[in-house]
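Me: I have a new model open and would like to learn how to read its packing. Could you take me through it step by step?

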Amino acid sequence: MTGALVWGAVAAASLVIGGLLGIAREWPDKLVGAVLAFGAGALISAVSFDLFEEGLKLAGGVPVALGLAAGALTYFAADRLVEQKVPGAGAALALGALLDGIPEQAVLGIGLASGEGISISLLAAIFVSNLPEAIGASSDLRQARRSPGTIMRMWGAVAVLCALASLAGFAVADATSGDVEAGINGFAAGALLVMLVDSMIPEAARKAGRIAGLVTVLGFAVAAGLS
């Protein structure tokens, strides 16, 4: 269980690093957009190869489909709620980091409990995608005049919850069937896909312009190569 917590903390640390980078200086919109696009490509790879495909191998299509629908609807509803209280892409990206990070990192713990060891490709995809999410969200929240202390407390809380999710995934793998594990994979994939289309990709395209598509392909290629 210690290993699950340690690897979970490693993956979640990128949120804090990205948050610090986002508030440390003014980032040009084009650079923030390019980083977001790279992260979006990495997340598309994670959905395709580390979450959806692995879920199908664990228990077939039905549990993954149910998890996919639950993750998509949960993110959609939570995002609308957050928009009413804290408008802006920054809040949506922070919510996405939480909603996809928890099940994503639970998958890390499940892999360790099953004896497969740590999935380097998934760990790398989580780390690589967390950085631009946190940088982009922190930059937007800073522009919305949120204080650096408030932003970093938010990322600290999100990182702790995500790290604990790896520990929970380890425990869940010992007590549940492959159907539940596959559902967790599907939930993460669903939340990620809605976040990507609703928040991350539009923000990347708006800020980076025409290069966003090319950088997204690069991010996908890097993460897929690690898979």
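Me: Which residues is Leu141 in contact with, leaving aside its neighbours within four places in sequence?

Reply: Contact means heavy atoms within 4.5 Å. By that rule, Leu141 is in contact with Gly90, Ala91, Arg146, Ile151 and Met154, once neighbours within four places in sequence are left aside. One caution before we go on: this is a predicted model, where local features need pLDDT of at least 70, side-chain atom pairs count only at pLDDT 80 or more, and totals for chains, interfaces and linings use all residues. Residues are numbered from 1 along each chain as its sequence is written, and side-chain values use heavy atoms, with hydrogens and water left out.

Me: Is Leu141 buried or exposed?

Reply: Buried means under 20% relative accessible area, exposed over 50%, and partly exposed in between (1.4 Å probe, protein chains only). Leu141 counts as buried because its relative accessibility is 8%. Its C-alpha atom is separated by 7.4 Å from that of Ile151, ten residues apart along the chain.

Me: Where is Leu141 found?

Reply: Helices here are DSSP runs (H or I, at least four residues), numbered from the N terminus. Leu141 is found in helix H5.

Me: At what angle do H5 and H6 pack?

Reply: Axes are lines fitted to C-alpha atoms, for helices over the stretch in contact, and angles run from 0 to 180 degrees between N-to-C directions. H5 and H6 pack at about 150 degrees, with axes 10 Å apart. Angles under 35 degrees count as roughly parallel, over 145 as roughly antiparallel, 65 to 115 as roughly perpendicular and the rest as oblique, so H5 is roughly antiparallel to H6. On the H5 side the contact is made by Glu133, Ala134, Ala137, Ser138, Leu141 and Arg142, and on the H6 side by Ile151, Met154 and Trp155.

Me: And how do H5 and H7 pack?

Reply: Their angle is about 70 degrees, with axes 12 Å apart, and H5 and H7 are therefore roughly perpendicular. Ser129, Pro132, Glu133 and Asp140 of H5 meet Met195, Met200, Glu203 and Lys207 of H7.

Me: How many residues has the largest nonpolar core?

Reply: A nonpolar core is a set of buried Ala, Val, Leu, Ile, Met, Phe, Trp, Tyr and Cys residues joined through side-chain atoms within 4.5 Å. The largest one here has 52 residues, and Tyr75, Leu108, Trp155, Met195 and Met200 have the most contacts inside it. H7 supplies the largest share, eleven residues.

Note on methods. Helices (H or I, at least four residues) and strands (E, at least two) are DSSP runs, numbered from the N terminus.
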